[in-house]
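Work through the following exercises with the coordinates open beside you.

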Amino acid sequence: MSVNSLLRCTIRLERTHVATHLVQQRALSGADAVNALRPFYFAVHPDFFGQYPKEREVNENSLKRLNGYLENLQKPGSGSVQPMKLTFYVRDTKDSSDVSPDLLTSGFRSVSFTLHTNDVLSTVMNVLKSCSLPMEHMKGLKANAEASKHPAEAGVPFYRPIKWDKSYYTFTGFRDPEQELQQAKRVEPTLNLWLRNNEPEATKKHSASLPRREELHRLKKELGLKFHLADIRWQRSWGVAHRCCQLQSLSRLSQQNPEALNNLQGHIVVFSDQSGMNASGHVMLGTMDVHHQWTKLFEQLPSYRSLQQQTEWLKERISLLLGGTQVVHVERLGPVQPIAEHYSTLNTFHKSLLSRRLRLHPRSLQGLTMMLENDRSSPSLHEMGHFIIPTNCDPPKLQAFLQSHAPKARQRTHRKNQLEAEEEAVIKLCLHSLSLRSLSKEPSVSSSQMILCCKRLVEQRSPLMQGLHICVSHFYSVMQDGDLCVPWDWKS
């Protein structure tokens with residue numbers, strides 16, 4: 001047999017070996033994976049995080065990336081996939097008697113892990129184990145998958161992997177599966193290495209986005225001045241082109257019917273998933289709505305403002321009854337609470353307080369804040385210093401809880417204010433020292449994480465970051481407009 005014939009034969013064998021290996025690795029189907037991950041989906045699904053916008057946003061993004069990872073594993077001939085770091089906020093789904101004290105205050109915990117598995121079964125097992133979720137239901141699936149790896153029992157010829165000498169891969173140019181597997185299991189790249197590999201792409205995308213960025217700035221300034229808007233914001237992290245389209249649509253409406261926008265004066269406009277007014281009094285413009293729906297909303301703004309004034313009055317009355325504690329509502333990326341729903345929650349809570357006279361000094365809890373939740377059963381103190389109170393909380397129990405936890409609430413609030421001030425200062429230092437165009441963070445990144453990240457960035461002073469838009473996140477990514485996402489705990 002000639003050398004060329006031998007080579008062709010070995011190539012065919014190698015391809016057969018790789019294909020068989022991939023089929024066996026992916027014995028767990030997509031439907032099986034979904035069923036196996038039911039406890040996980042129940043613990044992290046974004047719909048359960050309606051009152052926690054930043055945690056909901058993290059889980060939404062991480063679920064999309066996990067689903068993409070699983071889809072890639074099921075594609076024929078996909079080979080090994082790149083390691084992926086994921087962060088989830090996991091709800092506690094056990095009985096309260098089994099919950100650790102740390103979980104009682106928030107009801108969920110943050111879990112981060114890196115996937116470097118090359119088959120669906122191992123990936124599912126890894127996810128469940130990392131989140132400390134039950135795995136008993138996996139025994140049957142695991143047994144089936146193991147059985148598929150031993151086809152001799154079913155009368156199929158026994159599969160014995162071919163292990164080629166390293167010189168074979170050098171001579172043919174094919175990739176060594178063992179070597180790729182080891183590379184896939186490596187830890188995530190260092191910041192400098194990742195920047196060297198991705199900075200050219202980011203610069204190219206940023207240059208291409210400059211005309212759109214200039215148009216976005218012009219439209220935002222023009223509309224703001226013309227209708228005396230307090231600000232224009234976006235509920236989600238849409239790209240520059242998407243934001244431009246939304247402002248162009250509002251600009252066209254202002255030209256066709258300028259009187260319709262007069263009621264917007266003094267308001268903050270937020271492009272979001274639905275039209276209306278949110279609990280903070282911001283005017284929401286649904287990005288999927290047509291001009292007629294926007295115009296109808298503008299006509300209803302006087303009624304919305306009246307409802308907003310009533311909510312402010314209720315907050316003042318509640319504060320007087322609770323020793324000066326202020327009801328707050330934080331609007332961040334994620335689902336918003338309509339003003340009507342917020343008013344209903346405040347009204348129900350206020351009536352509950354009036355039903356049982358409380359004995360709190362008018363200013364004994366001055367400076368403290370609280371958030372109301374309809375789906376919570378017991379009050380808690382958030383790590384950032386604000387109380388989380390059920391709408392139907394028993395007033396005497398509420399009074400006892402507020403008074404007993406007030407000192408700790410003040411300590412945490414003071415610590416939060418210190419962290420926010422330090423965070424603001426270190427961001428300015430980072431922007432100046434590294435000559436960045438912008439520096440931001442995802443809502444899920446805490447102040448302490450941001451501070452640590454920025455201090456390390458200043459110490460490293462990578463010249464590759466000069467002139468870039470940086471967003472501190474939980475993973476690496478090059479966004480469509482050239483912005484770079486880097487994990488807050490990047491490796492050096």
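## Exercise 1: a residue of helix α13

At 42% relative accessibility, Thr-348 counts as partly exposed, the class between buried (under 20% relative accessible area) and exposed (over 50%), computed with a 1.4 Å probe on protein chains only. The model is a predicted one, in which local features need pLDDT of at least 70 and side-chain atom pairs count only at pLDDT 80 or more, while totals for chains, interfaces and linings use all residues. Residues are numbered from 1 along each chain as its sequence is written, and side-chain values use heavy atoms, with hydrogens and water left out.

Task: Determine in which helix Thr-348 is found, and how far apart the C-alpha atoms of Thr-348 and Thr-391 are.

Solution. Step 1: Thr-348 is found in helix α13, where helices are DSSP runs of H or I with at least four residues, strands are runs of E with at least two, and both are numbered from the N terminus. Step 2: although Thr-348 and Thr-391 are 43 residues apart along the chain, their C-alpha atoms are separated by 7.1 Å.

## Exercise 2: the chain as a whole

Task: State how many helices and strands the chain has, and what percentage of its 492 residues is buried.

Solution. Step 1: the chain has 15 helices and 14 strands. Step 2: buried residues make up 45% of the 492 residues. Step 3: among contacts (heavy atoms within 4.5 Å) between residues at least 6 apart in sequence, 68% join residues at least 24 apart.

## Exercise 3: helix α12 against helix α13

Task: Describe at what angle the axes of α12 and α13 cross, and which residues make the contact.

Solution. Step 1: the axes of α12 (residues 291-321) and α13 (residues 339-355) come within 9 Å and cross at roughly 30°, the axes being lines fitted to C-alpha atoms over the stretch in contact and the angles running from 0 to 180 degrees between N-to-C directions. Step 2: α12 and α13 are therefore roughly parallel to each other, since angles under 35 degrees count as roughly parallel, over 145 as roughly antiparallel, 65 to 115 as roughly perpendicular and the rest as oblique. Step 3: α12 passes α13 in a left-handed crossing, meaning that the near helix is turned anticlockwise from the far one by less than a right angle. Step 4: the residues making this contact include Tyr-304, Leu-307 and Leu-314 of α12, and Ile-339, Tyr-343 and Leu-346 of α13. Step 5: the residues of the contact divide into 12 nonpolar, 6 polar and 2 charged, where Ala, Val, Leu, Ile, Met, Phe, Trp, Tyr, Cys and Pro count as nonpolar, Asp, Glu, Lys and Arg as charged, and the others, Gly among them, as polar.

## Exercise 4: helix α14 against helix α15

Task: Carry out the analysis for α14 and α15, and find the handedness of their crossing.

Solution. Step 1: helix α14 (residues 395-434) and α15 pack at an angle of about 25°, with their axes 9 Å apart. Step 2: that makes α14 roughly parallel to α15. Step 3: the crossing of the two helices is left-handed. Step 4: among the residues in contact are Leu-419, Val-426 and Cys-430 of α14, together with Ile-451, Cys-454 and Val-458 of α15. Step 5: by class, the contact of α14 with α15 has 11 nonpolar, 3 polar and 4 charged residues.

## Exercise 5: Ser-254 and its surroundings

Solution. Step 1: Ser-254 has its place in helix α11 (residues 240-256). Step 4: leaving aside its neighbours within four places in sequence, Ser-254 is in contact with Leu-223, Lys-226, Phe-227 and Leu-261.

## Exercise 6: Ile-470 in strand β12

Task: Find which strand holds Ile-470, and which residues Ile-470 touches.

Solution. Step 1: Ile-470 lies in strand β12 (residues 469-473). Step 2: at 1% relative accessibility, Ile-470 counts as buried. Step 3: not counting residues up to four places away in sequence, Ile-470 touches Leu-436, Ser-438, Leu-439, Ser-440, Met-465, Leu-484 and Val-486.
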